[in-house]
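Subject: Structure for your review

Dear colleague,

Please find below the structure that I am handing over to you. My findings follow it.

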Amino acid sequence: MSERLARVLDPAGRYRLVRVEDDHVQPLVGDLFGEHWDDGAPLDRAGLTWLPPVVPAKVVGIGSNYRAHAAELGRPLPPVPKMFLKPSTAVIGHGAPIRLPAMSALVHHEAELAVVIGRHCSNVREDDALDYVLGYTCANDVTARDLQKADTVFGRAKGFDTFCPLGPWIVTGLDARDLRVQAHVDGVLRQDGRSSDLIFGIPRLISFVSQVMTLLPGDVIATGTPAGVGPLAAGQRVRVEIEGIGALENPVEAGEPPA
C-alpha cells in the first residue's frame with residue numbers, strides 16, 4: 001500500500017511523524033522504517049513546519065545521469081555512475097530557505113528524484129535492489145556552479161549548508177521508472193524531464209553504490225538532474241515537482257558573510 005510519510009513540527013513545536021492524505025495529516029506512532037499506527041486526531045496542515053522527511057547519514061549524488069544534462073554541460077556519457085557525497089548538514093525541508101554563500105557568484109538549482117533507503121544495504125544485486133527502498137521524495141541538488149568548475153571536484157560546490165532540500169514527504173510503493181521531474185523558479189518552468197531518461201536506472205544505482213559503501217536506513221540517493229539547470233537569486237522561490245510525489249518549494253536568500 002502506498003503512503004505519504006512526513007516529519008513535521010506541530011504548532012506547539014512538537015515533533016510528529018505523520019501520514020499525509022490530501023489535506024488530511026494524520027499523526028502516527030511507531031517507526032518510519034517499520035510498523036506505525038494512527039495516533040489521535042488529524043493535525044491542521046496550515047500550522048505545520050515541514051522537516052526533512054529523513055535525517056540521512058549521507059546523501060549520495062549521481063552526476064551527469066540524464067543524457068540531455070550531460071550534453072548541456074558538454075560532458076561525455078559516463079561509463080559507470082559518477083558518485084559524490086553531500087553532507088547531512090546540507091539537508092533542509094520544504095519551506096526552509098536556501099542560503100546563497102558569499103564565496104559563490106553562480107548557484108544553480110538541480111531538480112532530482114531521490115531514493116530513500118529503508119534498510120541496511122550492502123553489496124546487493126541489481127535484481128534485489130528495490131527491496132531496500134523505503135520510498136521516494138523530491139530533492140534539489142543545489143550547486144555552486146562556479147566553484148564546481150574552479151575546483152573540478154564537487155565537495156565545496158555541493159556541500160554548503162542548505163544545499164540539499166528534501167521533501168516534503170516520502171511516497172512508498174511508487175513505481176519510479178517513468179516520472180515527470182520539473183523545476184520552476186518564480187513560476188517559470190526551467191527543467192522538464194522524465195526518470196525514464198536516466199542513463200543508469202534506480203536498481204543499477206542502488207547496487208552500484210552499495211558495492212562501494214554501506215547504505216543505512218534513511219540514506220538518500222539523488223539520481224541526477226534533467227536538462228535546464230539554471231541560476232538562483234536572492235528573493236526567488238524554486239519549486240521541484242515530481243509526478244506521483246508532489247512539490248518541494250524553497251525560498252532563496254542571500255547568505256551572511258563570515259562574522
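A residue is called buried here when its relative accessible area is under 20%, exposed when that value is over 50%, and partly exposed in between. Please bear in mind that this is a predicted model.

**Cysteines**

By the cut-off above, Cys138 is buried, because its relative accessible area is 0%. Cys121 likewise has a relative accessible area of 0% and is therefore buried. How many disulfides does a search of the whole structure find? The search finds zero. A disulfide would require two cysteine sulfur atoms within 2.5 Å. For Cys138, the closest cysteine sulfur belongs to Cys164 and lies 12 Å away, so the separation is too far for a bond. For Cys121, the closest cysteine sulfur is also in Cys164, at 18 Å, which again is too far for a bond.

**Backbone geometry**

Most residues other than glycine have a negative phi, and most peptide bonds are trans.

- Gly167 and Pro168 are joined by a cis peptide bond, with omega at about 0°. Pro168 belongs to strand 14, which covers residues 164-171.
- Thr152 is not a glycine, yet its phi is positive, near 65°. Thr152 sits in the loop that runs between helix 2 (145-151) and helix 3 (155-159). Thr152 counts as exposed because its relative accessibility is 64%.
- Asp186, also a residue other than glycine, has a positive phi near 50°. Its position is in the loop between strand 15 (180-185) and strand 16 (188-194). With a relative accessibility of 47%, Asp186 counts as partly exposed.

Gln236 lies in a loop, between strand 18 (230-231) and strand 19 (237-242). Is Gln236 buried or exposed? Its relative accessible area is 17%, so Gln236 is buried. The side chain of Gln236 also reaches the backbone nitrogen of Ala233, at 2.8 Å.

Two bridges connect strand 10 (residues 107-109) with strand 18 in the antiparallel sense.

**Val209**

Val209 is part of helix 4 (residues 202-210). Val209 is buried, because its relative accessible area is 0%. Not counting residues up to four places away in sequence, Val209 has contacts with Val60, Ile62, Met83, Leu215 and Ile221. From Val209 to Leu5, the C-alpha to C-alpha distance is 25 Å, and the two residues are 204 residues apart in sequence.

Yours sincerely

Note on methods
Residues are numbered from 1 along each chain as its sequence is written. This is a predicted model: local features need pLDDT of at least 70, side-chain atom pairs count only at pLDDT 80 or more; totals for chains, interfaces and linings use all residues. Side-chain values use heavy atoms; hydrogens and water are left out. Helices (H or I, at least four residues) and strands (E, at least two) are DSSP runs, numbered from the N terminus. Buried means under 20% relative accessible area, exposed over 50%, partly exposed in between (1.4 Å probe, protein chains only). A polar contact is a pair of N or O atoms within 3.5 Å; within protein, one must be able to donate a hydrogen and the other to accept it, and residues adjacent in sequence count only if both atoms are side-chain atoms. Contact means heavy atoms within 4.5 Å. Two strands pair if DSSP finds at least two bridges between them.
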